[in-house]
Amino acid sequence: MPRSATKEGGPSTLTVKGRDMRLRTIGFVVLAVLAIWFIAVNTESVTIRLWIPTVTLPLWIVLTVTLLVGIVLGMFLAHRRRARR
């Protein structure tokens, strides 16, 4: 897989099946697949204490909610950083 850059100092890319793909995109896809796999194999129920109430839920739901909250917070922080520039 040859490495190339679209512009001098631009984002690093790899050529995959004749298409240039950014390394960031490839990394995101790999992490997404690993996260989905990890969530899918953790199906047992867990007990979680939320300040006062105690809740019993399947672990995959807890992991999915945690992942979604992390994605939303990451997007919010990226948006604020971009707006500050």
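**Arg80 and the charged end of α2**

I started with Arg80 and found it in helix α2, residues 59–84. Helices here are DSSP runs of H or I with at least four residues, strands are E runs of at least two, and both are numbered from the N terminus. The model is a predicted one, so I noted its limits: local features need pLDDT of at least 70, side-chain atom pairs count only at pLDDT 80 or more, and totals for chains, interfaces and linings use all residues. Residues are numbered from 1 along each chain as its sequence is written, and side-chain values use heavy atoms, with hydrogens and water left out.

I looked up the exposure of Arg80 and got 45% relative accessibility, so Arg80 counts as partly exposed (buried is under 20% relative accessible area, exposed over 50%, partly exposed in between, with a 1.4 Å probe and protein chains only).

Arg80 gathers with Arg81, Arg82, Arg84 and Arg85 in a surface patch of positive charge. Patch members have over 30% relative accessible area and no salt bridge; like charges are joined within 9 Å, and nonpolar side chains (Val, Leu, Ile, Met, Phe, Trp, Tyr) within 5 Å. A salt bridge would be a side-chain nitrogen of Lys or Arg within 4 Å of a carboxyl oxygen of Asp or Glu. Lys and Arg count as positive, Asp and Glu as negative, while His and the chain ends are not counted. I took the place of a charge as NZ of Lys, CZ of Arg, CG of Asp or CD of Glu.

**The nonpolar patch**

Helix α2 also holds Leu68, which is partly exposed at a relative accessible area of 48%. I found Leu68 in a nonpolar surface patch with Leu67, Ile71 and Met75, about 370 Å² of accessible area together (Shrake-Rupley method, 1.4 Å probe; for residues, only the protein chains shown count as cover).

**Two loop residues**

Next came Glu44, in the loop between α1 (23–41) and β4 (45–49). Glu44 is exposed, with a relative accessible area of 64%. Leaving out residues up to four places away in sequence, Glu44 touches Leu57, Pro58 and Leu59 (contact means heavy atoms within 4.5 Å). I also checked Glu44 against Trp60: they are 16 residues apart in sequence and 7.8 Å apart in space, C-alpha to C-alpha.

Trp51 sits in the loop between β4 and β5 (54–58). Its phi is near 40°, a positive value in a residue other than glycine. Trp51 is exposed at 80% relative accessible area.

**Whole chain**

I read the element order from the N terminus as β-β-β-α-β-β-α. Buried residues make up 5% of the 85 residues.
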